[in-house]
Amino acid sequence: MPTINPGRDAALRVDNESTWALARDRSSAETVRTTATTAIPTASGASSVFDCYRYMAAFDTSGISGTVASATLKLYGVFFTNADLIVVKVSSSATGSPTTNFVAADFSRIDGFVAGSSMAGNVTDYSAEIPTWSTGQYNNITLTSDALSDLSSLSTFRLAVVTYDYDYLNVAPGAGTFRSGFRTVNISDTAQKPVIDYTLSTGYSNSVLGVSAANISTVSGVATANIDKVNGV
């Protein structure tokens, strides 16, 4: 099964704001950690001081040739486990790329993000809600059909991981800190780096001259159900 690691990733943080809106809806992060070995998406309202942390990563997908049929994002869990997470699409306007670091202004560059609104129904979801988190092992996250399409068609695949109950739904956290942590691409242990495993469609699941095989019923007057090979293939 082919795999790809991010070229660059980053933990983007906003800390110590007086309201949840000031933390979550900022256009730019206050801190960008591009060399940290751990990222911890966080929503906090502890002591009435609000924090919002996001993780972003960029993968070079220019080498993917064909249609991605399935894909799993694997994040190696460490430290904290009490936040549900979700993976969403990062806008193509983001500075971060497989060869360029993410910057503070990328904090709000989630595709479809609207300040003051829930991400639900506005952004492009790359996963479902991730309701449990484990440490000391990979957490396997099934990517959505939108993610598969972008893996197939884009040369750079950018994603963000955010807290689901708070950042994604835009709900102010209570008097506590909610976070789940995982390793970044900067960890030296290759067995803990973020990775996407993917499989490609084969045979009739591909397209012919841009037409989906599912929409082709005959070839030269012969029903596709009766065709085993075309020119020996």
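Me: Where in this predicted model is the place of I64?

Reply: In this model, which is predicted, I64 is found in the loop that runs between β6 and β7, the latter spanning 68–81.

Me: Why does I64 count as buried?

Reply: The relative accessibility of I64 is 10%, and buried means under 20%, so I64 counts as buried. Once neighbours within four places in sequence are set aside, I64 is in contact with I4, L151, Y198 and L200.

Me: Why is the pair of Y55 and F182 called edge-to-face?

Reply: The planes of the two rings stand at 90°, and an angle over 60 degrees counts as edge-to-face, so the pair of Y55 and F182 is given that name. That the rings pair at all follows from their centres, which are 4.9 Å apart, where the cut-off for pairing is within 6.5 Å.

Me: What makes the pair of Y55 and F182 tie together parts that are apart in sequence?

Reply: Y55 belongs to strand β6 (residues 50–60) while F182 belongs to strand β11 (residues 177–183), so the pair ties together parts that are 127 residues apart in sequence. Both Y55 and F182 are buried, and ring pairs link Y55, W133 and F182 into a cluster.

Me: How do you know that the charged end of R54 sits over the ring of F113?

Reply: The charged end of R54 is 5.1 Å from the centre of the F113 ring, against a distance limit of within 6 Å, and R54 is accordingly listed as sitting over that ring. Likewise, R179 lies over the face of F80, at 3.7 Å from the ring centre.

Note on methods: Residues are numbered from 1 along each chain as its sequence is written. This is a predicted model: local features need pLDDT of at least 70, side-chain atom pairs count only at pLDDT 80 or more; totals for chains, interfaces and linings use all residues. Side-chain values use heavy atoms; hydrogens and water are left out. Rings of Phe, Tyr and Trp (its six-membered ring) pair if their centres lie within 6.5 Å; planes under 30 degrees apart count as stacked, over 60 as edge-to-face and the rest as tilted. Helices (H or I, at least four residues) and strands (E, at least two) are DSSP runs, numbered from the N terminus. Buried means under 20% relative accessible area, exposed over 50%, partly exposed in between (1.4 Å probe, protein chains only). A charge sits over a ring if NZ of Lys or CZ of Arg is within 6 Å of the ring centre and within 35 degrees of the ring normal. Contact means heavy atoms within 4.5 Å.
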